[in-house]
Amino acid sequence: NSVAREQPDESVCTKGDCLPASTLVRVEGKAAAMRVDAINLGQRVLCMDHITGALKYAEVVEVDVSEQAGPDIVEVELEDGTKLQMTADHPVFADSTKHMSAKDLQPGV
């Protein structure tokens with residue numbers, strides 16, 4: 001499992017295992033998405049600015065890859081059928097003002 005963090009705050013997973021290693025992320029300057037376990041320090045990945053709600057590229061300042069057994073993974077299916085996998089405690093914004101753990105999401109939220 002891997003995590004790429006811009007900077008720690010209360011809405012960021014800080015346990016080092018936020019996303020499955022196979023998670024694809026957008027990297028600035030790359031035509032195709034890359035696996036999160038292939039991301040290097042200094043690369044810029046697409047993320048959400050928690051203040052403005054806008055998408056932006058942010059520099060990766062820490063990468064932690066663990067070969068240990070991963071945490072509980074949940075799958076979230078969006079209205080359009082897109083399926084996302086993340087750790088059960090990964091913060092998810094239910095609206096623009098509050099976040100909750102992925103495991104606490106309910107249909108329609």
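This is a predicted model: local features need pLDDT of at least 70, side-chain atom pairs count only at pLDDT 80 or more; totals for chains, interfaces and linings use all residues.

Student: Okay, where is Met48 found?
Tutor: Met48 sits in strand β4, which covers residues 44-48.

Student: And is Met48 exposed, or only partly exposed?
Tutor: Met48 counts as partly exposed, because its relative accessibility is 33%, and that label goes to values between 20% and 50%.

Student: Which residues is Met48 in contact with, leaving aside its neighbours within four places in sequence?
Tutor: Those are Gly53, Ala54, Leu55 and Phe93.

Student: New topic: which residues gather in the patch of negative charge on the surface?
Tutor: That patch brings together Glu75, Glu77, Glu79 and Asp80.

Student: Where is Asp80 found, then?
Tutor: Asp80 is in the loop that links β7 (73-77) and β8 (83-87).

Student: Why does Asp80 count as exposed?
Tutor: Because its relative accessibility is 62%, and exposed means over 50%.

Student: Last one, Thr23. Buried or exposed?
Tutor: Thr23 is buried, since its relative accessible area is 17% and the buried label applies under 20%. Thr23 lies in the loop between β1 (2-5) and β2 (24-25).

Student: What does Thr23 touch, not counting residues up to four places away in sequence?
Tutor: Thr23 touches Met34, Arg35, Val36 and Gln85.

How values were computed: Residues are numbered from 1 along each chain as its sequence is written. Side-chain values use heavy atoms; hydrogens and water are left out. Helices (H or I, at least four residues) and strands (E, at least two) are DSSP runs, numbered from the N terminus. Buried means under 20% relative accessible area, exposed over 50%, partly exposed in between (1.4 Å probe, protein chains only). Contact means heavy atoms within 4.5 Å. Patches are made of residues with over 30% relative accessible area and no salt bridge: like charges are joined within 9 Å, nonpolar side chains (Val, Leu, Ile, Met, Phe, Trp, Tyr) within 5 Å. Accessible areas come from the Shrake-Rupley method with a 1.4 Å probe; for residues, only the protein chains shown count as cover. A salt bridge is a side-chain nitrogen of Lys or Arg within 4 Å of a carboxyl oxygen of Asp or Glu. Lys and Arg count as positive and Asp and Glu as negative; His and the chain ends are not counted. The place of a charge is taken as NZ of Lys, CZ of Arg, CG of Asp or CD of Glu.
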